[in-house]
Amino acid sequence: MKYKIRESKKVDMPQVLVLIKELATFEREPDAVVVTVEELEKEGFGENPLFKCFVAEVEHKIVGMALVYFRFSTWKGRTIHLEDLIVNNEMRGTGIGSALYQEVLKYAKSQGVKRVEWVVLDWNEGAIKFYERSGAKILKDWRTVHMDEKGITNFLDFN
């Protein structure tokens with residue numbers, strides 16, 4: 001199978017959003033995606049892009065993507081956060097996920113960052129094994145914490 005890994009373009013965002021929704025379904029949160037194509041276009045391709053996205057293309061169809069952005073660690077300095085890496089269900093097992101992962105790490109190295117970080121669901125054993133085989137460390141003592149929009153509003157309204 002012949003595929004091409006490249007940086008995404010604004011015109012790719014509708015297909016990227018399809019993959020994001022597929023990932024949400026895989027992660028058992030099919031109704032959680034609220035981002036729109038317009039937001040992806042604006043935030044990824046505006047004057048100050050908030051993310052970089054790499055896509056995997058087979059016969060002019062996007063079948064995988066990896067979306068990253070810069071973070072700042074008080075311990076390490078500039079880092080990259082891998083927000084999502086998804087390969088279309090029919091294309092899994094073809095090496096496309098590995099190629100996207102490698103592209104992210106090459107980008108990180110070219111940017112001189114001290115760390116790439118991401119989260120993985122504890123039940124996604126295939127991904128965990130892949131990451132461990134690649135040399136990544138799964139931090140078992142840390143917990144991901146987030147507060148959604150409603151939580152932010154509730155906190156601010158009552159404090």
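This is a predicted model: local features need pLDDT of at least 70, side-chain atom pairs count only at pLDDT 80 or more; totals for chains, interfaces and linings use all residues.
Reader: Fine. How many helices and strands?
Author: Five helices and five strands. Both are DSSP runs, numbered from the N terminus: helices are H or I with at least four residues, strands E with at least two. Along the sequence the pattern reads β-α-α-β-β-β-α-β-α-α.

Reader: How does the radius of gyration of the chain sit against the globule rule?
Author: The radius is 16 Å, close to the 15 Å that the rule gives for 159 residues, so the chain is as compact as a globular protein of that length. The radius is taken over C-alpha atoms, and the rule is 2.2 Å times the number of residues to the power 0.38. Along the principal axes, the C-alpha atoms fill a box of roughly 55 × 35 × 35 Å.

Reader: What share of the residues is buried?
Author: 34% of the 159 residues. Buried means under 20% relative accessible area, exposed over 50%, and partly exposed in between, with a 1.4 Å probe and protein chains only.

Reader: Now the sheet. What is the strand order?
Author: β1-β2-β3-β4-β5, in an open sheet with mixed pairing. Strands pair if DSSP finds at least two bridges between them. The edge strands are β1 (4-7) and β5 (116-117), and each pairs on one side only.

Reader: Which way do β1 and β2 run?
Author: Antiparallel, joined by four bridges. R6 has V55 in β2 as its bridge partner.

Reader: And how many bridges join β2 to β3?
Author: Seven, and these strands also run antiparallel. A56 has G64 in β3 as its bridge partner. In the β2 and β3 hairpin, two residues lie between the strands, and E59 takes a positive phi near 50 degrees.

Reader: Where does the parallel pairing come in?
Author: Between β4 (residues 77-87) and β5, through two bridges. There H81 stands opposite E117 in β5.

Reader: Which strands does α3 touch?
Author: α3 packs on the sheet and touches β1, β2, β3, β4 and β5. Its direction makes about 165 degrees with that of β4. Contact means heavy atoms within 4.5 Å. The axes are lines fitted to C-alpha atoms, for helices over the stretch in contact, and angles run from 0 to 180 degrees between N-to-C directions.

Reader: Back to β2. Is it mostly covered or mostly open?
Author: Mostly covered: six of its seven residues are buried.

Reader: Switching to rings. How many aromatic pairs?
Author: Nine. Rings of Phe, Tyr and Trp (its six-membered ring) pair if their centres lie within 6.5 Å; planes under 30 degrees apart count as stacked, over 60 as edge-to-face and the rest as tilted. Take F54 and Y107: centres 5.5 Å apart, planes at 65 degrees, so the pair is edge-to-face.

Reader: What does that pair tie together?
Author: F54 lies in strand β2 (residues 52-58) and Y107 in helix α3 (residues 96-111), so the pair ties together parts that are 53 residues apart in sequence. F54 is buried, at 2% relative accessible area. Y107 also counts as buried, at 14%.

Reader: Which residues form the aromatic cluster?
Author: Y101, W118, F130 and Y131 form one.

Reader: Which charges sit over rings?
Author: R28 lies over the face of W123, at 3.8 Å from the ring centre. The charged end of R92 sits over the ring of F26, 5.1 Å from its centre. The test is NZ of Lys or CZ of Arg within 6 Å of the ring centre and within 35 degrees of the ring normal.

Methods:
Residues are numbered from 1 along each chain as its sequence is written. Side-chain values use heavy atoms; hydrogens and water are left out.
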